[in-house]
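Please keep the sequence at hand.

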Amino acid sequence: MRIGFFANDDVGVTALELTLACTELDVLLIVVPEVGREETNERLQAMAGDRPFARVGRRLEPEFVRHLQTLGLDYIVLAWWPYVVDREVFSLPAQACLNFHPGFLPYGKGMNSNFWAVRDDEPFGVTIHFVDERLDGGDIICQRRITVGWEDTGQTLLARAKRELTDLYLTLLPDIVRGQLTRSPQATTGSFHRRVELEAASELDLDAPTTARSLLNLLRARMFTPSRLTTTPPGALIFREDGETYEVSVSIRRRERDDQRSDT
């Protein structure tokens, strides 16, 4: 099977390693985003070896698309790819264009699903799905639910989603080799959020009525860095008063029950 591999961040690195180790798959092109972390892009370029390698922006140049058309690809794999891919690209491969999504579709379509899963108490997990004209709306190939506990934050869920996605991809590789991918249409329920929604949701209204549960969920949900392209310290909720801006976060730790403590 002939593969065009679009890779970003550490998820892209691990997924590419798994793909290159599969001798039945022939990776013909490796693509990285121009705005990806430079150290990661350099590592991916080193992994490419003698294979064609390209750095691209949000909008693919016509010359690059024409080159894709000449490769006779069976699959395009989008491993943590940060951009929406147009029809002229996702319709190219003979078998499928596959996307790694850090959400338990149909919940968490769009951006920052780890935040919304905690804030709104929605199902969370990871999904590999077919790409079509609907944003994160293509048929599901496989997915895995991730349990959210009180000690989780937006950052811990993001880290777990990255690990689970590459593990899920590993289990899918034999089906990719055989060209026998299952597909299940997404349910009409679920949720969708755009990137811009996070900013308004990240500011706490000090006078708004709420519950302790909702406040704790909001605080821990916002403890993450909302970007697929960089790795910086976890973020925090903010509030404003008297012209000043404050950051607030929370730490939750489960206490051992009396029957779990060892005798001393």
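Helices (H or I, at least four residues) and strands (E, at least two) are DSSP runs, numbered from the N terminus. The model is predicted, so local features need pLDDT of at least 70 and side-chain atom pairs pLDDT 80 or more, while totals for chains, interfaces and linings use all residues. Residues are numbered from 1 along each chain as its sequence is written, and side-chain values use heavy atoms, without hydrogens and water.

A pocket is, on a 1 Å grid over the protein atoms alone, an open set of points where a 1.4 Å probe fits, with protein on both sides within 12 Å along at least five of seven lines; lining residues have an atom within 4 Å of a point. In the second largest pocket, helix 8 (212-221) gives the most to the lining, three residues. Among the 14 lining residues, Ala-117, Val-118, Asp-121, Val-148 and Arg-220 lie nearest the centre.

The largest pocket is lined by 38 residues, and Pro-82, Tyr-83, Val-84, Val-85 and Leu-135 are the closest to its centre. Helix 4 supplies the largest share of this lining, four residues.

A nonpolar core is a set of buried Ala, Val, Leu, Ile, Met, Phe, Trp, Tyr and Cys residues joined through side-chain atoms within 4.5 Å; buried means under 20% relative accessible area (1.4 Å probe, protein chains only). The largest such core has 52 residues, with Leu-98, Tyr-169 and Ile-176 among those with the most contacts inside it. Its largest share, nine residues, comes from helix 6 (residues 154-178). Apart from this core lies another, of 20 residues, including Ala-54 and Leu-73.

Methods
Buried means under 20% relative accessible area, exposed over 50%, partly exposed in between (1.4 Å probe, protein chains only).
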